Amino acid sequence: MKTVKPSVKNIYATPDAMRAIERAGRVCYRSDGKTTRHSAAPFVKRLIENGHESILEHATASFRVVTDRGVSHEIVRHRLSSFAQESTRFCNYTKKKFGGNILFIKPAGLTPQQEDDWLAFCERSERLYFNWISQGASPQQARHILPISLKTELVWTANFREWRTILKQRLSTAAHPHMQFVAGKIYDWFLKKYPIMVFDIVNLDAYYGKEKMLLLSKNHKTSKKELWQLAFAKEEEVRINVAKNKTTPTTLLHVLAKDLMEKVQKAALCAIGKRRKKVEQNEDFG
Ligand SMILES: Cc1cc2nc3c(=O)[nH]c(=O)nc-3n(C[C@H](O)[C@H](O)[C@H](O)COP(=O)(O)OP(=O)(O)OC[C@H]3O[C@@H](n4cnc5c(N)ncnc54)[C@H](O)[C@@H]3O)c2cc1C
């Protein structure tokens, strides 16, 4: 058996997506004449602010996601998406092309003992899978011996409106940690390529890092939940002020970061550095 890290990679997107959305949207207002070199992003932002999100459906993006079967069950609940997923019925993991190994994704946050148990369990399930196949079982029979940690790959395609719905749900700390990881990577892609698409969706982990958020709560002597409530109250401010065109989301996010950081002692910052190093050495995620 081998473990692999989860990953997310953009493999396709509508070229010049903001322009494609603008072109479609301007038909509604017959305002094609107002198109300029820089008109697409503000036009799309106005669509979002006005709740005219059906126009966002004219652009799509596809990601190749490597995760475990459990998380993939959650992913495929997003009905307005399209999927192609590695089949445990057709893939025979004893074949040469799989390198003599079955691949698993390590769950997040295990204790050392739980990790040992989990490894032993995966090793045993791999052994049984190989035995069953050698005794004549088909892959679709033998797959029943494999755990939910089995690695899977999907190509996940959705239109931009659906991506916004997905990100709002899956960036939440209520989502599974591996699901948050997948959503975080997709959010990062949008932030870099089409920031307007996520201007009103604030992923605090992306700005501060999950570890920092945890440490902030520890050093505040407050629960992580309270800290998130504080952060989300601020996030509401961000939304209101951005909607009123008073400032940009980035400026407000800096204010938010400063606000939170002021409450942290110097010692905490030092601890963050040390903890970061530890996390970097022990990263569960790719
Ligand atoms: C934190 C968290 C915990 C969860 N826990 C559970 C759980 O315990 N059990 C469980 O079964 N699921 C659970 N889910 C999955 C959840 O119930 C949804 O199935 C999943 O998040 C997809 O959401 P969706 O239907 O809004 O989105 P999509 O299927 O992606 O649809 C996008 C949007 O299209 C619209 N839409 C789609 N289909 C319809 C329709 N038929 N009628 C009207 N509007 C429609 C809705 O506006 C919807 O938001 C959980 C999800 C999260 C984020």
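Strands E2 (residues 7-13) and E3 run antiparallel and are joined by six bridges. This is a predicted model, by the way. Within that pairing, Val 8 has Val 65 of E3 as its bridge partner, and Asn 10 sits opposite Phe 63 in E3.

On to the next pairing: E3 is also tied to strand E6 (residues 151-159), again antiparallel, through nine bridges. Here Arg 64 stands opposite Val 155 in E6.

The residue pairs, side by side:

| Residue | Opposite residue | Strand of the opposite residue |
|---|---|---|
| Asn 10 | Phe 63 | E3 |
| Arg 64 | Val 155 | E6 |

Zooming out, the strands belong to an open, four-stranded sheet with antiparallel pairing, ordered E2-E3-E6-E4. E2 and strand E4 (82-85) are the edges, each pairing on one side only. On average, neighbouring strands of this sheet are turned by 20° against each other, ignoring direction. Strands in a sheet pair through backbone hydrogen bonds.

How buried is strand E3 (residues 60-68)? Seven of its nine residues are buried, so the rest of the structure largely encloses E3. Helix H6 (residues 160-170) lies across E3 and E6, and runs at about 125° to E6.

Now for the ligand. Its surroundings include Arg 77, His 78, Arg 79 and Leu 80, along with Glu 162, Thr 165, Gln 169 and Arg 170. Ser 172, Ala 174 and Ala 175 are also around the ligand. Sorted by class, that shell has four charged, four polar and three nonpolar residues.

Notes
Residues numbered from 1 in each chain as written. Predicted model: local features only at pLDDT ≥ 70, side-chain atom pairs only at ≥ 80, totals over all residues. Near = placed C-beta within 6 Å. Nonpolar A, V, L, I, M, F, W, Y, C, P; charged D, E, K, R; others polar. Buried ≥ 20, exposed ≤ 12 C-beta atoms within 10 Å, placed from the backbone. Helix = DSSP H or I, 4+ residues; strand = E, 2+ residues; numbered from the N terminus. Pairing = 2+ DSSP bridges. Axes fitted to C-alpha atoms, helices over the stretch in contact; angles between N-to-C directions. Contact = placed C-beta atoms within 7 Å.
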